[in-house]
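Visitor: I am new to this structure and would like a short tour. Could you show it to me, please?
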Amino acid sequence: MTKKCVEWLNNNTNSSPRLVYDLEKVKENFSQFLKLFGVIKPYYAVKANPNVKIVALLNRLGSNFDCASINEIKICTELGISAKKISFGNTVKKSDDIKKAFKLGVKLFAFDCEEELLKIREFAPRSNVYCRLEVYNGGAEWPLSKKFGCSSKELEYLLIKAKEIGLSPVGLSFHVGSQQLLKTTWNKAIRISSKIFKSLNKKKINLYFLNIGGGIPVNYDNYETNLKDYASHINKAI
């Protein structure tokens, strides 16, 4: 917690729960990410904290945005954020929300099953799509492998299907689980992704988008993160 946050809490003793954040620290963290991860483009997960001051600051700093709901998309667009910087990253969406997002200019959608793909085709025609891959989550404090994603075989089928029905398959995504303590888990996911890229390239589908999700751990009493080590490891694997 920064000194500014501590001072605010000391001067505001109301007993109600408070979420306190320091925009200077947000700016510092974003700059550190850019420095360590190089060419990887950050997509801020708006659900993490949708406060408009944070979203507006990150937009000024050049961030893209990953939205899990239509309300998050509206937060972004109402701040004047270009829809070109937004990914509708939830793999399960209401048809009406897909339609609303498309109307707002969003052209990048995630999916992980054929039913979702067909909804996107109907309500967001000619959009860019990426499919979520189910990957090994060993080492994560909070695994997500059983929540979203499909097998590599099914993913290839779905991206080929996407092209056949008039959408633009651009890539894939994965998530190695929240608070992932094993850097090597990214190696496995990136290696599988590489095989998929190469396999589809032979079938005249040229992917260029790889969403590596989140999962980099934060400091807790039982663990201290070295972000530089994680960044170096992930960059090398890619």
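This is a predicted model: local features need pLDDT of at least 70, side-chain atom pairs count only at pLDDT 80 or more; totals for chains, interfaces and linings use all residues.

Visitor: Let us begin with α9. Which of its residues are buried?
Guide: Helix α9 covers residues 227-237, and its buried residues are Tyr230, Ala231 and Ile234. Seen down the axis of α9, these buried residues fall within an arc of 95°, so they line one face of the helix.

Visitor: And what is exposed on the other side of α9?
Guide: Lys228 and Lys236 are exposed there.

Visitor: What covers the buried residues of α9?
Guide: The cover includes α2 (23-37), β8 (178-180) and α8 (184-201).

Visitor: What happens at the start of α9?
Guide: A side-chain oxygen of Asn226 comes to within 3.2 Å of the backbone nitrogen of Lys228.

Visitor: You mentioned β8. Where is Gln180 found, and is Gln180 buried or exposed?
Guide: Gln180 is found in strand β8. Its relative accessibility is 0%, so Gln180 counts as buried.

Visitor: What does the side chain of Gln180 reach?
Guide: It reaches the backbone nitrogen of Leu182, at 3.0 Å. Leaving aside neighbours within four places in sequence, Gln180 is also in contact with several residues, among them Asn137, Trp186, Pro217 and Tyr230. Tyr230 is one of the buried residues of α9.

Visitor: Where does Gly213 lie?
Guide: Gly213 lies in the loop between β9 (209-211) and α9. With a relative accessible area of 40%, Gly213 is partly exposed. Apart from neighbours within four places in sequence, Gly213 is in contact with Phe174 and His175.

Visitor: How far apart are Gly213 and Leu36?
Guide: They are 177 residues apart in sequence and 16 Å apart in space, C-alpha to C-alpha.

Visitor: Changing topic, how many salt bridges are there in the whole structure?
Guide: A search finds 7 salt bridges. One of them joins the side chains of Glu28 and Lys25, at 3.1 Å from N to O. Both residues lie in helix α2, 3 residues apart, which is about one turn of the helix. Glu28 is partly exposed, with a relative accessible area of 48%, and Lys25 is partly exposed at 34%.

Visitor: Which residue meets Glu114 in a salt bridge?
Guide: The side chain of Lys161 does, at 3.6 Å from N to O. This pair links distant parts of the chain: Glu114 is in helix α6 (residues 114-123) and Lys161 in helix α7 (residues 152-164), 47 residues apart. Glu114 is partly exposed, with a relative accessible area of 25%.

Visitor: What about Glu116, which residue does it meet?
Guide: Glu116 and Lys119 meet through their side chains in a salt bridge, at 3.0 Å from N to O. They are 3 residues apart in helix α6, so about one helical turn separates them. Glu116 counts as buried, at 3% relative accessibility. Lys93, Glu116 and Lys119 are linked in a network of salt bridges.

Visitor: Lastly, how many disulfides does the search find?
Guide: It finds 0 disulfides in the whole structure.

Visitor: Are Cys76 and Cys5 buried or exposed?
Guide: Cys76 counts as buried, at 0% relative accessibility. Cys5 counts as buried, at 5%.

Technical notes:
Residues are numbered from 1 along each chain as its sequence is written. Side-chain values use heavy atoms; hydrogens and water are left out. A disulfide is a pair of cysteine sulfur atoms within 2.5 Å. Buried means under 20% relative accessible area, exposed over 50%, partly exposed in between (1.4 Å probe, protein chains only). Helices (H or I, at least four residues) and strands (E, at least two) are DSSP runs, numbered from the N terminus. The arc is that of the directions from the helix axis to the C-beta atoms. Contact means heavy atoms within 4.5 Å. A polar contact is a pair of N or O atoms within 3.5 Å; within protein, one must be able to donate a hydrogen and the other to accept it, and residues adjacent in sequence count only if both atoms are side-chain atoms. A salt bridge is a side-chain nitrogen of Lys or Arg within 4 Å of a carboxyl oxygen of Asp or Glu.
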